[in-house]
Amino acid sequence: MDIHRCRFIRHPASAINAIAFTHSSVPPSSSHKRHIAKQIQVRLAIGRANGDIEIWNPLQGNWHQELVIPGGKDRSVDGLVWVTEPDEEMADGKTIFGRSRLFSIGYTTTITEWDLEKARAKKHASGQHGEIWCLGVQPLPSKGAAASSSRKLVAGTVDGNLVLYSIEDGDLRFQRTCFRTPSKKIKFVSIAFQSHNVVVVGCSNSTICAYDIRNGTLLRQMTLGTDISGGSKNIIVWAVKCLPNGDIVSGDSTGQVCIWDGKTYTQAQRIQSHSQDVLCLSVSSDGSKIVSGGMDRRTAIYEPIAGQSGRWSKAFHRRYHQHDVKAMASFESKGMSVVVSGGSDASPVVLPLRAAGKEHHRTLPHLPQNAPLHSAPKARFILSWWENEIRIWHLLSPAQQLLDDPQAALSLRKNRKLLAQVLVKGDSHISSAAISEDGTLLVASTATGIKVFQLDFTRGEHIEQLQIRRVDISTAGVAATKVQISPDAQWISWVEEGSRVMIARVCTTESAAGISYTVSQPFKLHRLRRQIPKHILLGGLGSYDRNITQMTFSPDSKLLGVADLAGYIDTWVLRGPGEGVDGASGEDDDGATSESTSDSSDEENEDVAGERWVRNPNAALLPKLGAAPVVLSFPKTQREDGDYDLLAITTVKQVLVFNPLRGVLSEWSRRNTYPKLPVQFRDTRDQIKGVVWQGHRAWIYGVSALFMLDLSQDFDLEADSPEGRDGQKQGTKRKRGGQESGAGGKMEKHSLVPQRVRTAAGPDGAKWEDVEMADADDQKSVGASSGVDDDDEDTDGGELQRLRDEQGANGNAHEAGKEGTTTRAKWWHSYQFRPILGLVPLEAMHEATVLTNEDVPAGPPPLEVALVERPLSSNDLPERYFAEGEWER
């Protein structure tokens, strides 16, 4: 495989402003209710400065970014709140879990509720008040207390108003102003509930106020005094939290964390733990730990002092972030106990809470799970997008030609050219985009519609020009979360409202003026109705897991497959004139909450050319995946029996190959169960992002790793793996050593003391130098640096080139030390490239060839790809405030 290592493709990072979990904790369940605790849908919501909202699934430490709701122009998410209703017991003994609703603010006068099932805003509400700076939700009443009619949202404004919003019966509306300060100069900055009716508000005038929201009375005002550091006279209370015993914790602009007695509202303790402002706080569910983050990049953990009731001490602090720590939230259950923090460096950091000081932290990717990257391999175009902008690049020369050129270093910049920048009109950001393989058709979707463009590329000796023309499509006002173009560029498919699959035909018209395109009236592809219990649909996140995240066409454009977060796969086949349906009728799932329509709609799907899409007759035979899929793809080779191979990779690293026309698991998947996969692949913590095909070889990549798996060969159970040693049953997931809390792996003893780090220096790495290291700033991996800046490419294949030199085309990367090895490599991996935004093919794909298991070619066809890396640089981060005596390494 020849690689264009690209860092010139931009993808600006956006700061994290808000973090919230659906549940702060899931209490340990008894043995007869253990299965209920496992079914609770816990999600993490992250709000960014560009208006994006990300939904993450913790997955017991496998952290999967399931959904991204794009923002829009001049939008920002500065606060997030989940409202989870209490559980209900049904007459048959089943439990309806409390419905979870997500609300956000963005330093405006509006509160927005989000519809996760349709991946869009659901309701907006506003009142006659200033900009909302903080938002809290009224907790459930304590046991034995008289329950109020409904819970409310409480918001603090920039002009010192405390306002109530009603969320009763699924509604969202302004109710009344609870309290109004005499001076409009006072800003309500932070908010927390001490009890069901008492709310604590941090202000900008060195005070913390406690209010009773029933009658709007001020219960107590706590004063912090003046800033003794010589700065502003007023202290800003950026964060407040309440412990389970009623005590109040505050973090302010002096860098102090203060503990307040919850009964007398008097200050019990001050801890000077930060050199700059404390911006966020989090507390454990049992009140045994407090976590703070601030402008000095520090994250500090506090624990109670033994034998001294109400007294706390700082256990330790470290710098996990490169910039300000602006938001954090905690979650605890039987298997997990973590704090997730975020800030201006755009990367969420997962810290162990219960096992603080015993486990490592983990930095989640700042890049999206679904890469905003696509390619037109036949035209050698690379398509990238962010916010409202689309860029189309052209790579002129093949990688092998650059490798053979002695002046290759001087030719790298000349090898790429920015052909076009497309600005999609509207206030909504692009949710998905695609380009046809021949580079003649471009599709982009936003929250307000789908845009289709025709690309006419003219290349001469001294000039390259790309003309872009708009193509009309009848989808005004339709929002699509995902779009796809078939390989033959005759079909466009997209997903509406999260789970509704649509498809339209692209018609070509030739005239004297040239070729022009039109898009026919779209029609709906009906999904199979799944038997989902009603008590699951009525509670939790409802039908959110029916959101389609994967969509793919077969190489011959005659089969379309989609997969949702629940693990269900739906497929449709293209029938020509006169071809039978072969049992395509059946119950349709037009939405998880809609009624069944047993109409197969074959007539309404009829195309003008006589072709129509019908449901795969054996679609119902495909089993439900054990976890959400992160990859769904067809290889470029077709089977001799006319069926296809459909590859699915899940969040738990299961690699499954299906034969969709027969509705069965392939023979290769039956033989190569999970324990036989390479240990390096199974133990990779980051999720897989995509795959590129080279014959039967699948080049699978994540944000920090690149793997090659040859799906024409069988893997052997490795003798040195735990499964090989202790004879673990095949087909079960390999567990990492020891119980982990959902962050990083376990620490060795004395890991918290200052460590001396040595790094290789010199051209050959033979010389070692000591590196001074304070706190926990990330060090770049030795051997992973490419030596190229943000505008350079590196066409040297590195480990790939050494693999070619040492073993040739048929060598085995992991059996090179064995004499007489002549078989092809079964698998290969590298951590040299990171962080990977995406991997896309560049060469024209070879026509599909018919292969059998007995007739495997000696070597795979050549493959050329563009591997795009987007490491964070100083240009991606805003300027940071430096305190006196602080310096940047």
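Q: How many salt bridges does the count come to?
A: The count comes to 26 salt bridges. Keep in mind that this is a predicted model. A salt bridge pairs a side-chain nitrogen of Lys or Arg with a carboxyl oxygen of Asp or Glu, within 4 Å. Take E54 and R48 as an example: their side chains meet in a salt bridge, at 2.5 Å from N to O. Both E54 and R48 are buried.

Q: Which residue forms a salt bridge with R527?
A: The partner is D570, and the closest N and O atoms are 3.3 Å apart. Now look at where the two sit. D570 is in strand 48 (residues 569–575) and R527 is in strand 45 (residues 527–528), so the pair ties together parts that are 43 residues apart in sequence. Check the burial too. D570 has a relative accessible area of 2%, so it is buried. R527 is also at 2%, and it is buried.

Q: Where does R530 lie, and what does its pair with D570 tie together?
A: The side chains of D570 and R530 meet in a salt bridge at 3.3 Å, N to O. R530 lies in the loop between strand 45 and helix 4 (534–537), while D570 lies in strand 48, so this pair links parts that are 40 residues apart in sequence. D570 and R530 are both buried. Shared partners join R527, R530, R546, D564 and D570 into one network of salt bridges.

Q: What is the nearest side chain of opposite charge to D345, and how far away is it?
A: It is R48, at 7.6 Å. A salt bridge needs the atoms within 4 Å. D345 is buried, yet has no salt bridge. Find D345 in the loop between strand 29 (337–343) and strand 30 (349–352). Leaving aside neighbours within four places in sequence, D345 is in contact with H321, Q322, H323, L872 and L877.

Q: Which residues gather in a patch of negative charge on the surface?
A: They are E85, D87, E88 and E89. To read a patch, check how open its members are. E88 has a relative accessible area of 51%, so E88 counts as exposed. E88 lies in strand 7 (residues 88–89).

Q: What is the phi of A489, and what is the phi of E497?
A: A489 has a positive phi of about 60 degrees, although it is not a glycine. E497 has a positive phi of about 50 degrees, and it is not a glycine either. A489 is in the loop between strand 40 (480–485) and strand 41 (491–496). E497 is in the loop between strand 41 and strand 42 (500–511). A489 is buried, at 11% relative accessibility. E497 is partly exposed, at 33%.

Q: Is the peptide bond from R834 to P835 cis or trans?
A: It is cis, with omega near -15 degrees. P835 lies in the loop between strand 62 (827–830) and strand 63 (836–841).

Q: Which residues does V42 touch, not counting residues up to four places away in sequence?
A: V42 touches F21, T22, H23, V26, N57, P58 and F331. Take F21: its C-alpha atom is 7.2 Å from that of V42, and the two are 21 residues apart along the chain. V42 is buried, at 10%. Its loop runs between helix 1 (34–39) and strand 3 (44–48).

Q: How many helices and strands does the chain have?
A: The chain has eight helices and 65 strands. Of its 889 residues, 57% are buried.

How values were computed
Residues are numbered from 1 along each chain as its sequence is written. This is a predicted model: local features need pLDDT of at least 70, side-chain atom pairs count only at pLDDT 80 or more; totals for chains, interfaces and linings use all residues. Side-chain values use heavy atoms; hydrogens and water are left out. Patches are made of residues with over 30% relative accessible area and no salt bridge: like charges are joined within 9 Å, nonpolar side chains (Val, Leu, Ile, Met, Phe, Trp, Tyr) within 5 Å. Accessible areas come from the Shrake-Rupley method with a 1.4 Å probe; for residues, only the protein chains shown count as cover. Lys and Arg count as positive and Asp and Glu as negative; His and the chain ends are not counted. The place of a charge is taken as NZ of Lys, CZ of Arg, CG of Asp or CD of Glu. Helices (H or I, at least four residues) and strands (E, at least two) are DSSP runs, numbered from the N terminus. Buried means under 20% relative accessible area, exposed over 50%, partly exposed in between (1.4 Å probe, protein chains only). Contact means heavy atoms within 4.5 Å.
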